[in-house]
Amino acid sequence: VFPSVSFGPLVHALCRLIPSEDKGIARFSIRAVKTLLLDDALRPQAVAAGICDVLVQALKHWKTNTSCSCEILASVQTLMWDGSVVNQLVEQGVTPLLLYHLQSPDLEITLLSLATLANLLACCDSLLLTNDLVIKEIEGVLEIILDATKSRDKNKRCYAVAAIANATSHPILAGRITELGGLSLLEEIEMKNKANLSLGGTRVAECAETAVLRLSGHIDSKIAVRKYSYKWGNKPVIELMLDSQTNGNRLQVCVVVW
């Protein structure tokens, strides 16, 4: 376990190294931050040191560099998952950058962007409820996210369905999803995944079911509080894909392959 008393000076040093013009120094500094942010005790210290602003500025600077962008997006994903700094990241201008990377031809960048957007959209009925600018920006890419739910890549489909499920808790986004034919698409996804437990349909089907019920006007307190957010790392992806109780052996194989 990394001693928290030593983390303060380290994170301040990393915050100074990340803006480096040297790609190698920047990438490895961001990778160190990405790993340290996974620790719940260290993350608040990193936030206090100004890591949110540093990462957003780095994402702007390195947005055309795949390797650096992957490391930064993974770090931002964990911060978004935490929830306590969502407004801070949004104010720093992270949303347009996420939407830019969502359309990347690189699969890893797309996956990280989708996962981070899912985390952001988990707050769309609370912290972002009255943030018209961000809602409008996300509204413009809902068609892309809906299209991702039909992807041949399992991970991409899973994160996309989770993002859409979260988005349905906001009235404007829910209306746009319905206009785009999202209800029938999500009903189809729910039906297919409920019938295909071997591919982890239980969790994907739940995301689709949540979206379908909300779009259909179903009022249920249990459905209203459903949120889907994912910390960076292997475990959230696998948990989204597979039911760990019924597919234990298959889960072990996926960990090795990943």
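**Close-ups of a predicted all-residue model: legends**

**View 1. Gln 92 sits in the loop between α6 and α7.** This is a predicted model, and we start at this loop residue. At 26% relative accessibility, Gln 92 falls between the cut-offs of 20% and 50%, so it counts as partly exposed. Look across to Val 54: it is 38 residues away from Gln 92 in sequence, yet the two C-alpha atoms are 9.5 Å apart in space. Setting aside residues up to four places away in sequence, Gln 92 touches Asp 53, Val 56, Gln 57 and Lys 60.

**View 2. Helix α7 is mostly covered.** Seven of the nine residues in α7 are buried. They are Val 94, Thr 95, Leu 97, Leu 98, Leu 99, His 101 and Leu 102. What lies over them? The cover includes α4, α5 (66-82), α6 (86-91), α8, α9 (132-139) and α10 (142-148).

**View 3. Helices α7 and α8 cross at roughly 140°.** Here α7 (residues 94-102) meets α8, and their axes come within 8 Å. An angle has to be over 145 degrees to count as roughly antiparallel, so this pair is oblique instead. The crossing is left-handed. On the α7 side, the contact is made by Thr 95, Leu 98, Leu 99, His 101 and Leu 102. Their partners on α8 are Ile 109, Thr 110, Ser 113, Leu 114, Thr 116, Leu 117 and Leu 120.

**View 4. Helix α8 runs from residue 107 to residue 121.**

**View 5. Leu 55 is a buried residue of helix α4.** The helix itself covers residues 51-61. With a relative accessible area of 0%, Leu 55 is under the 20% cut-off and therefore counts as buried. Which residues does Leu 55 touch? Not counting those up to four places away in sequence, they are Ile 18, Ile 30, Leu 37, Ile 72, Ser 75, Val 76 and Leu 79. Take Ser 75 from that list: it is 20 residues from Leu 55 along the chain, and their C-alpha atoms are separated by 7.9 Å.

**View 6. Ser 20 is found in the loop between α1 and α2.** The helices on either side are α1 (4-17) and α2 (23-36). Is Ser 20 buried or exposed? Its relative accessibility is 19%, and the cut-off for buried is under 20%, so Ser 20 counts as buried. The side chain of Ser 20 reaches the backbone nitrogen of Asp 22 at 3.0 Å. Leaving out neighbours within four places in sequence, Ser 20 is in contact with Ile 25, Ala 26 and Trp 62.

**View 7. Zooming out, the protein has 17 helices and zero strands.** Of its 258 residues, 48% count as buried. Among contacts with a separation of 6 or more, 69% come from residues 24 or more positions apart.

Methods. Residues are numbered from 1 along each chain as its sequence is written. This is a predicted model: local features need pLDDT of at least 70, side-chain atom pairs count only at pLDDT 80 or more; totals for chains, interfaces and linings use all residues. Side-chain values use heavy atoms; hydrogens and water are left out. Helices (H or I, at least four residues) and strands (E, at least two) are DSSP runs, numbered from the N terminus. The expected span of a helix is 1.5 Å times one less than its number of residues. Axes are lines fitted to C-alpha atoms, for helices over the stretch in contact, and angles run from 0 to 180 degrees between N-to-C directions. Angles under 35 degrees count as roughly parallel, over 145 as roughly antiparallel, 65 to 115 as roughly perpendicular and the rest as oblique. A crossing is left-handed if the near helix is turned anticlockwise from the far one by less than a right angle, and right-handed if clockwise. Contact means heavy atoms within 4.5 Å. Buried means under 20% relative accessible area, exposed over 50%, partly exposed in between (1.4 Å probe, protein chains only). A polar contact is a pair of N or O atoms within 3.5 Å; within protein, one must be able to donate a hydrogen and the other to accept it, and residues adjacent in sequence count only if both atoms are side-chain atoms.
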